[in-house]
Amino acid sequence: MHHRFLNSKSLLGKLILLSLSVAALSVAEPMANFNYSAIAAQSVTSDLKLPNLGAPELPPLGEPSLYIPQPAVNPIEEVRLVLKLRERRVYVYRKNKVQASFQVAVGKGGWETPTGNFKITHMIKDPVWEHPWTGELVPAGPDNPLGTRWIGFWTDGKNVIGFHGTPNPESIGRAASHGCVRMFDKDAQALFEKVEVGTPVIVEN
């Protein structure tokens with residue numbers, strides 16, 4: 001029994017040695033392939049020529065806008081109207097510079113044009129006028145009291161006030177309206193093209 005046990009032990013040792021040899025060969029082959037691949041990759045990389053990018057371009061002095069993103073321009077914030085009642089004149093400002101001004105008629109005693117800060121709420125070409133007491137509608141045309149353009153900026157929920165043309169140019173420069181701001185019709189058309197809904201309107205005494 002003892003002798004047979006030794007033979008079995010010797011046989012077991014040989015089998016373990018054989019298994020280790022096979023395992024070593026199976027590991028060695030992938031490693032050899034890996035080394036070969038690494039060497040091949042290194043050879044390809046060494047042959048690859050990178051382009052010469054040169055020195056980075058620097059912005060010229062005094063012109064940062066060429067390289068720094070600029071905020072989008074909002075036309076509503078760029079333009080504002082300032083109506084000066086005593087002067088009977090409205091000024092169009094763009095970036096704090098006067099771009100245009102127009103002579104106007106303003107509200108008469110008891111119907112004064114309201115002062116304060118407002119915004120344009122309505123813009124209408126060839127408006128229809130409704131008589132405030134009779135409800136009569138006057139269609140667009142030469143006899144329309146609003147002329148060819150309406151630019152509304154104030155309301156109390158019932159009455160509305162705005163800039164508009166007029167078929168009565170002789171009233172321009174006077175306190176003659178029921179609160180609205182009358183303009184020569186050609187001036188009302190010109191103002192209409194310079195503003196939009198949301199443009200600020202500042203009315204001062």
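User: Hi, new here. How many helices and strands does the protein have?
Analyst: The protein has three helices and 12 strands. Those are DSSP runs numbered from the N terminus, with helices being H or I of at least four residues and strands being E of at least two. This is a predicted model, where local features need pLDDT of at least 70, side-chain atom pairs count only at pLDDT 80 or more, and totals for chains, interfaces and linings use all residues. Residues are numbered from 1 along each chain as its sequence is written, and side-chain values use heavy atoms, with hydrogens and water left out.

User: Ok. What share of the residues counts as buried?
Analyst: Of the 205 residues, 27% count as buried. Buried means under 20% relative accessible area, exposed means over 50%, and partly exposed is in between (1.4 Å probe, protein chains only).

User: And which residues in the largest nonpolar core touch the most other members?
Analyst: That core has 27 residues, and L81, V90, F153, F163, M183, L191 and V201 touch the most other members. The elements giving two or more residues to this core are β1 (79-84), β2 (89-94), β3 (97-107), β8 (149-155), β9 (160-164), β11 (181-183), α3 (185-192) and β12 (200-204). With four residues, β3 gives the most. A nonpolar core here is a set of buried Ala, Val, Leu, Ile, Met, Phe, Trp, Tyr and Cys residues joined through side-chain atoms within 4.5 Å.

User: Take V90. What is V90 in contact with?
Analyst: Leaving aside neighbours within four places in sequence, V90 is in contact with L81, V82, L83, A100, S101, F102, V104, F163 and M183. Contact means heavy atoms within 4.5 Å.

User: Do β1 and β2 pair in the parallel or antiparallel sense?
Analyst: Antiparallel, over six bridges. For two strands to pair, DSSP has to find at least two bridges between them. L81 has V92 in β2 as its bridge partner. Four residues sit between the strands of that hairpin, and R88 takes a positive phi near 55° there.

User: What about β2 and β3?
Analyst: Those two are antiparallel over six bridges as well. R94 is bridged to K97 in β3. The hairpin of β2 and β3 has two residues between the strands, and K95 takes a positive phi near 50°.

User: What does L81 stand opposite in β12?
Analyst: L81 stands opposite V201 in β12. β1 and β12 pair in the parallel sense, over four bridges. β12 is also joined by four bridges to β4 (residues 116-119), and β4 and β12 run antiparallel. G116 has V203 as its bridge partner in β12.

User: Switching to helices: which residues in α3 are buried?
Analyst: D187, A188, L191 and F192 are buried in α3. They're on the same side of α3 because they cover an arc of only 140° around the axis, with the arc taken from the directions from the helix axis to the C-beta atoms.

User: Last one, H164. Buried or exposed?
Analyst: Buried, as H164 has a relative accessible area of 5%. H164 is in strand β9. A polar atom of the H164 side chain lies 3.4 Å from the backbone oxygen of P145. Beyond neighbours within four places in sequence, H164 is in contact with several residues, including P145, W150, C180, M183 and A188.

Definitions and conventions: Polar contact = N/O pair within 3.5 Å; in protein donor to acceptor, adjacent residues only side chain to side chain.
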